[in-house]
Structures are given as structure tokens and as C-alpha cells.
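Please look over the sequence and the model before reading on.

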Amino acid sequence: MAVGSGGREETAGHGRLVEPVPSLRGLALAVAVAERGGLGTAARALGISQPSASGLLAQLEGQLGVRLFERGPRGTVPTEAGRQLLPLAETVVRAAGLLQQEARLLGADEAPELRVAASTTVAEHLAPRWLGRVAAGREDLRLVLEVANSSGVVRSVREGRVELGFVEGPTPDAEASLAVQAVGRDRLVVVVPPGHPWAGRGTVEATELAGAPLVLREPGSGTREVLEEAMARLGLAVRARLALGSGAAVLAAVRHGEGPGVVSELVAAEAVA
């Protein structure tokens, strides 16, 4: 096989040109854009910058020779060609994940391995106990825990990097393509330092919460998504003074007077006590 001019492959002796295969990363991005309704949210879910995502999507559309999306009043929506091709793209992405998973199993040591992903709160407060029970009496079993926010966990399961994932909050994008089962319940709580005007009150009104700059988890966190969806049902939105990558970081910022915070009750329990 020789590479001809223009980047195309030419089969020796036949003169046949083979078009480049569409980028798998581009296909995964296109599927994420269709699921999330926007390039920016899809880029954050995949852990890439929006300019990089724009270039990747443009490259994919160039390889396919069709436009997959167009911007409209309701966000980024698939074109007619996109509606026909995106289900095939999802099939390719899922198959690639299965290929990677099978290859990892074939290349693994004789000791069985269970790879699990968990969102930050679950990983810090629940997963060690759960995985300890699984490993009890199984010295041959190797457990690997990957920690990410909820959207990152869903992506790892979908792409076949882990066999099982634990997340917080709603996962509508996951439920379309993965088996989802509720295994427990938690609550979100508002936390403030002792000297704050809200300290000692039994409740805080949703309008008060909407009016205060808050210390929150980062976009893509299950904690953040649950809060935003609950407020949206009341016709309200939240404002983030700070967006931080863990519940412990939110508590630390609240202690230093950066504003009220919203975290899992699991995260807040020890500090409140």
C-alpha cells in the first residue's frame, strides 16, 4: 500500500484510491453534540476545548462530504443528513468501545480485573466500602477505580473503558444507550459558615438561593445538574461565584467566606457535625 498525492491511499498495481476513514474522535463528538444539543456542552463532556471541537467537527463533515448540524433557535440540531448518519456514527463509536474492552480482556494478566468509574462524591464516600465488599475473599481480583464527574463516568462506560459506573443525579443521555439502575438516594444541602445570616434557619427559600452568588461544583457534576434542574422547574436559575471540582473544595471555600455552597449531604455531614 502506497500513499498517493493528496493524502489518499493508492493500492499498488490497481490504481484504486481509498478515501480516509472518518475520525473516531469526530464521530464520538458528533454523537455527543446530538445527545446534548450543543457543541460547547459536548466539548466539555469529552474534555476538549470548544475551538478544538469545532475543528474536529468541521474535519468530520469534510471527510463525510455533508453537513451534520445547523444552528437554530433551539440550539445545534442535526440536518437531514445528520439524522440519517448519526445513528450509524453511534453504532461505530459503541463498537469501537467494545473492541477496546475485548482487546483489554485478551491482553490482561491471568488475574481477573474489574474496572469501575465513580463520580467524585460516590468515589469519596461510598465506592471504597462497596468495592471492599466485592473484593472480600478474592485475593485474585484486581479492582481499578477511575474518578471523574458524572458526565465523565457516563462517557467511560459508553466507550468501554470501564465495565461499571456510579453517578449522581439524572443521566438522560446515558439512559438512551446504557442500562441504568438506581442503587441509593442522597440529598443536596445548602451550607454556610456559622456567622452567615442563613445559619441556624430551618429552610432557605428557592428565591433566596437564586439571588445569592453560590459556591458550586463544576458543570458536568451530578450535584450541579440536580440543583440546576430543580431550580429550573421553579423557573429559577443559580449563579456560580465559584465552580470547583470537588465537594471538599466547596466546603473549604464556604469556610473561608466565599458564599453559600450546595453539596451532597454525604459531603457535608462531617463538617456540619
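## Basis of the model

This is a predicted model: local features need pLDDT of at least 70, side-chain atom pairs count only at pLDDT 80 or more, and totals for chains, interfaces and linings use all residues. Residues are numbered from 1 along each chain as its sequence is written, and side-chain values use heavy atoms, with hydrogens and water left out.

## Overall layout

The chain has twelve helices and twelve strands. Both are DSSP runs, numbered from the N terminus: helices are H or I with at least four residues, strands are E with at least two. The chain holds 273 residues, and 35% of them are buried. Buried means under 20% relative accessible area, exposed means over 50%, and partly exposed lies in between (1.4 Å probe, protein chains only).

Accessible areas come from the Shrake-Rupley method with a 1.4 Å probe; for residues, only the protein chains shown count as cover. Contact means heavy atoms within 4.5 Å. Take the contacts between residues at least 6 apart in sequence: 61% join residues at least 24 apart.

## The largest nonpolar core

A nonpolar core is a set of buried Ala, Val, Leu, Ile, Met, Phe, Trp, Tyr and Cys residues joined through side-chain atoms within 4.5 Å. The largest one has 20 residues, and Leu-29, Ala-30, Leu-57 and Phe-69 touch the most other members. Helices H1 (24–36), H2 (39–46), H3 (50–64) and H4 (80–107) are the elements that give two or more residues to this core. H1 gives the most, with seven residues.

Which residues does Leu-29 contact, leaving aside neighbours within four places in sequence? They are Leu-39, Ala-42, Leu-46, Ala-53, Leu-56 and Leu-57.

## Strand pairing around E6

Two strands pair if DSSP finds at least two bridges between them. E6 and E7 pair in the parallel sense over seven bridges. Within this pairing, Arg-115 has Val-144 of E7 as bridge partner. E6 also pairs in the parallel sense with strand E8 (residues 164–166), over three bridges.

## Salt bridges

A salt bridge is a side-chain nitrogen of Lys or Arg within 4 Å of a carboxyl oxygen of Asp or Glu. The count comes to eleven salt bridges by this rule. One of them joins the side chains of Glu-113 and Arg-142 (3.0 Å, N to O). This pair links distant parts of the chain: Glu-113 is in strand E6 (residues 113–119), Arg-142 is in strand E7 (residues 142–148), and they are 29 residues apart. Glu-113 is partly exposed, at 24% relative accessible area. Arg-142 is also partly exposed, at 34%.

Glu-265 and Arg-187 form another salt bridge through their side chains (2.8 Å, N to O). Glu-265 lies in helix H12 (residues 265–272) and Arg-187 in the loop between helix H8 (172–175) and strand E9 (188–191), so the pair ties together parts that are 78 residues apart in sequence. Glu-265 is partly exposed, with a relative accessible area of 32%. Arg-187 counts as exposed, at 53%. Salt bridges that share partners join Glu-113, Arg-115 and Arg-142 into one network.

## The Gly-245 site

Gly-245 lies in the loop between strand E11 (239–244) and H11. Not counting residues up to four places away in sequence, Gly-245 touches Thr-120, Arg-217 and Glu-218. The C-alpha atoms of Gly-245 and Arg-217 are 5.8 Å apart, although 28 residues separate them along the chain. Arg-217 and Glu-218 form a salt bridge, with their closest N and O atoms 3.0 Å apart. Are these two residues buried or exposed? Both Glu-218 and Arg-217 are buried.

Ala-248 lies in helix H11 (residues 247–255). Ala-248 is partly exposed, at 45% relative accessible area. Its C-alpha atom is 8.6 Å from that of Ala-268, 20 residues away along the chain.

## A nonpolar surface patch

Leu-64, Leu-85 and Leu-88 make a nonpolar surface patch of about 240 Å². Patches are made of residues with over 30% relative accessible area and no salt bridge: like charges are joined within 9 Å, nonpolar side chains (Val, Leu, Ile, Met, Phe, Trp, Tyr) within 5 Å. Leu-85 is found in helix H4. At 31% relative accessibility, Leu-85 counts as partly exposed.
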